[in-house]
Amino acid sequence: MKKSSYHLKSPDLLPIAHSERKISTLGFSIMWVGMAVVLAAFAIGGDGVQGMPLIYVLLASIIGCILIGLFITLTADVGIEHGLSFPVYMRAPFGVAGTHFPSIVRGITASIWFGINTYFGSAAINGILNILTGFDNWFVCFLIFALAQLINTAIGIKAVEKFADLAAPIIILIALWMYSTLVDQAAAIDRNVWTWIESPVSGILLFTAFMTVITGNMGYWSTLATDASSLSRFIKAPKYERNWFKRNKGVLVGSVIALPLTQTLIVAIGGVAYIAVGNYDPIVALQESASGWILVVLLLMIVFSQWSTNTSANVVPAATIFSNAGGPKVPFYVGVFLAGIVGTVTQPWNLFNVLIPFLTTVGGILSAIVGVIFADYYILRKRRLNVHDLYEKEGQYAYVNGVNWAGILAWVIGGAIAIVFPTYSFFVGFIIGAVSYYLLAKYWWFQKYKQAEIEDPDDDKYLGITVGRDWLIDSEEVHESKKQVVN
């Protein structure tokens, strides 16, 4: 093996064996509750009720979350079947070097979400300090809170993270309490939360508003729809199971049940907050609902909730991607602080005001990647992969200078067209990305660069858990890779 291939076999990128998968169906569902308690979802509800009744907003949210949950489960099968993470599998449709392009976009998006969640946490900290001491400077709180999270992630203080995980379920209880309180406040000014609309729309405008909520929710989790395999490879799944639904039950229950229920609750609070107090900023809504030490405790729970979500869903994925793209010269802790820098310079305090356009744009760009994954994994390779070559710089996924131009072009075409149709961005990006990749790969790229699993679609050679296989990379090569990482 050439030294140039060592970085492809970094220990954290190796396939996860069946015996090492510890997350149960219930465990993954609980994880979803923690991840989906993201206060930026208030904006979807608050924006939605400005043009249509709350019940329509909630229905659109449920539909959008179920749809994105299904897309997440589709891409998650890569991790379930082969134990592969997102950047490793992407070497197939994008090349061993080309994988860095979509991966870095995913990393930048995660960094931006880190910034948005940190903004909410810092606003809560500022509120606490203002109540206790009279201090009032949210930007100083932002910098301190961001630094605390980054240091925690870089050096791995698990105690704070474990405590933070407890905050998410508590936030659910807080949300229910907020709903009750805000409904009463709305009633006090003669507003029925289920019928009040600020500027009612009808006909095509109503349909557009409904679709905007759907695509907004989908755009929210389009990041996870691209790299679901990085998480799903740790989820328990049965060996020798050919039924797709049974094999992916763990992901399916969490993504199609836990996600829609949790996120729609948060969307509902955002809608009710706008109706009651004219503002869907969650911190403002909370300050309108409580005061004194009760408010301090509630704000503290928000701080830990954002901390928990940021660590698992944003900082770690972004840092891993940046570290992987940068090679041995960019260790994980450097990737952590790169994520923090990106999340700060994008000014998340301004992004919140344009969150819906941001979600539809990001959703469109990332949905084209999901389309490429679907066409590559399901239609062309039929779930089979020559896994050993994914770890070889000169293997079948080397293509031209490590880049699969069919994947790059399909992504650019799908993402660009999706941006032109923001109301339907995720659907447009997915369809155009999938069709473009299928045509370019099947009739052009793979005519030049033959793929073993397509030429010889042998289950025993190229399937993983379905045939009871754990993909093992040569132990001597892994040992050398570990030495490279240490050095």
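Visitor: In which loop does Lys382 lie?
Guide: The model is predicted, so that local features need pLDDT of at least 70 and side-chain atom pairs 80 or more, while totals for chains, interfaces and linings use all residues. Residues are numbered from 1 along each chain as its sequence is written, and side-chain values use heavy atoms, without hydrogens or water. With helices taken as DSSP runs (H or I, at least four residues; strands E, at least two; numbered from the N terminus), Lys382 is placed in the loop between α18 (355-380) and α19 (405-420).

Visitor: What is the phi of Lys382?
Guide: Most residues other than glycine have a negative phi. Lys382 is not a glycine, yet its phi is positive, at about 50 degrees.

Visitor: Is Lys382 buried or exposed, or in between?
Guide: Buried means under 20% relative accessible area, exposed over 50%, and partly exposed in between (1.4 Å probe, protein chains only). Because Lys382 has 47% relative accessibility, it counts as partly exposed.

Visitor: What is the relative accessible area of Arg383?
Guide: Arg383 sits in the loop between α18 and α19, and has a positive phi of about 70 degrees although it is not a glycine. Arg383 is buried, its relative accessible area being 14%.

Visitor: How far apart in the chain are Lys9 and Glu392?
Guide: Lys9 and Glu392 form a salt bridge (a side-chain nitrogen of Lys or Arg within 4 Å of a carboxyl oxygen of Asp or Glu), with their closest N and O atoms 2.8 Å apart. Lys9 belongs to the segment before α1 (25-36) and Glu392 to the loop between α18 and α19, so that the pair links distant parts of the chain, separated by 383 residues.

Visitor: Which residue meets Glu453 in a salt bridge?
Guide: The partner's side chain reaches Glu453 with an N to O distance of 2.8 Å. Glu453 lies in helix α21 (residues 452-455) and its partner in the loop between α18 and α19, so the bridge ties together parts 72 residues apart in sequence. Glu453 has a relative accessible area of 0% and is buried; likewise buried, at 0%, is Arg381.

Visitor: In which helix does the salt-bridge partner of Arg384 lie?
Guide: Arg384 meets Asp459 in a salt bridge at 2.6 Å, N to O. Arg384 lies in the loop between α18 and α19, 75 residues from Asp459, which is in helix α22 (residues 459-462).

Visitor: Which residues do salt bridges with shared partners join into one network?
Guide: The structure holds 11 salt bridges. Those that share partners join into one network Asp77, Glu81, Arg247 and Arg383.
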